[in-house]
Amino acid sequence: MDSTLPNIEEMSLIEAIHWYTGEVAKATSREARINGMYTQEYKKSLYEWKLRLNQRCRLEN
């Protein structure tokens with residue numbers, strides 16, 4: 001897991017969803033794709049973080 005990602009356990013569910021959606025918007029923006037601002041490793045870590053967020057959402061509902 002990428003150490004630059006926040007600890008999901010220390011965030012409320014709303015904070016985690018807000019952070020994730022903002023980060024995905026940045027990572028998939030046109031500028032980021034053209035300039036190669038985000039590595040594949042970071043994107044993979046972000047996806048793994050999302051899977052943990054999905055699991056947490058299921059547990060809290």
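The model I am looking at is predicted.

**Entry 1. Overall layout**

I then looked up the extent of the C-alpha trace, which spans about 40 × 20 × 15 Å along its principal axes. The chain has 61 residues, and 28% of them count as buried. I also checked how far apart in sequence the contacting residues lie. Among contacts between residues at least 6 apart, 67% join residues at least 24 apart.

**Entry 2. Helix α1**

I looked up α1 at residues 13-27. This helix has 15 residues and reaches 21 Å from its first C-alpha to its last, close to the 21 Å expected at 1.5 Å a residue. I listed its buried residues as Leu 13, Ala 16, Tyr 20, Glu 23 and Ala 27. They lie on the same side of α1 because they cover an arc of only 100 degrees around the axis. On the other side of α1 I found Ile 14 and His 18 exposed. I then asked what the buried residues of α1 pack against, and noted α2 (30-35) and α3 (40-60).

**Entry 3. Helix α3**

**Entry 4. Nonpolar core**

Which residues touch the most other members of the largest nonpolar core? I found Ala 16, Leu 46, Trp 49 and Leu 53, in a core of 14 residues. Helices α1 and α3 each supply at least two residues of this core. The largest share, five residues, comes from α3. As background, I note that nonpolar side chains tend to be buried together in soluble globular proteins.

Leaving aside its neighbours within four places in sequence, I found Leu 46 in contact with Leu 5, Trp 19, Tyr 20, Glu 23, Val 24 and Ala 27.

**Entry 5. Glu 23**

Glu 23 turned up in that contact list, and I looked it up separately. This residue is found in helix α1. Is Glu 23 buried or exposed? I read a relative accessible area of 8%; the cut-off for buried is under 20%, so Glu 23 counts as buried. Its side chain makes a polar contact with the side chain of Tyr 42, at 2.5 Å. With neighbours within four places in sequence left aside, I found Glu 23 in contact with Tyr 38, Tyr 42 and Leu 46.

**Entry 6. Salt bridges**

How many salt bridges does the structure hold? I counted three.

In one of them, the side chains of Lys 26 and Glu 23 meet at 3.3 Å, N to O. Both residues lie in helix α1, three residues apart, about one turn of the helix. Lys 26 counts as partly exposed at 45% relative accessibility, whereas Glu 23 is buried at 8%.

I next looked up Glu 48, which forms a salt bridge with Lys 44, the closest N and O atoms being 3.7 Å apart. Both lie in helix α3, four residues apart, again about one turn of the helix. Glu 48 counts as partly exposed at 30% relative accessibility. Lys 44 is exposed, with a relative accessible area of 53%.

I also looked up Glu 60, which forms a salt bridge with Arg 56, the closest N and O atoms being 2.9 Å apart. Glu 60 and Arg 56 are separated by about one helical turn because they are four residues apart in helix α3. I read 46% relative accessibility for Glu 60, which counts as partly exposed. Arg 56 counts as buried at 16% relative accessibility.

Key: Residues are numbered from 1 along each chain as its sequence is written. This is a predicted model: local features need pLDDT of at least 70, side-chain atom pairs count only at pLDDT 80 or more; totals for chains, interfaces and linings use all residues. Side-chain values use heavy atoms; hydrogens and water are left out. The expected span of a helix is 1.5 Å times one less than its number of residues. Buried means under 20% relative accessible area, exposed over 50%, partly exposed in between (1.4 Å probe, protein chains only). The arc is that of the directions from the helix axis to the C-beta atoms. Contact means heavy atoms within 4.5 Å. A nonpolar core is a set of buried Ala, Val, Leu, Ile, Met, Phe, Trp, Tyr and Cys residues joined through side-chain atoms within 4.5 Å. A polar contact is a pair of N or O atoms within 3.5 Å; within protein, one must be able to donate a hydrogen and the other to accept it, and residues adjacent in sequence count only if both atoms are side-chain atoms. A salt bridge is a side-chain nitrogen of Lys or Arg within 4 Å of a carboxyl oxygen of Asp or Glu.
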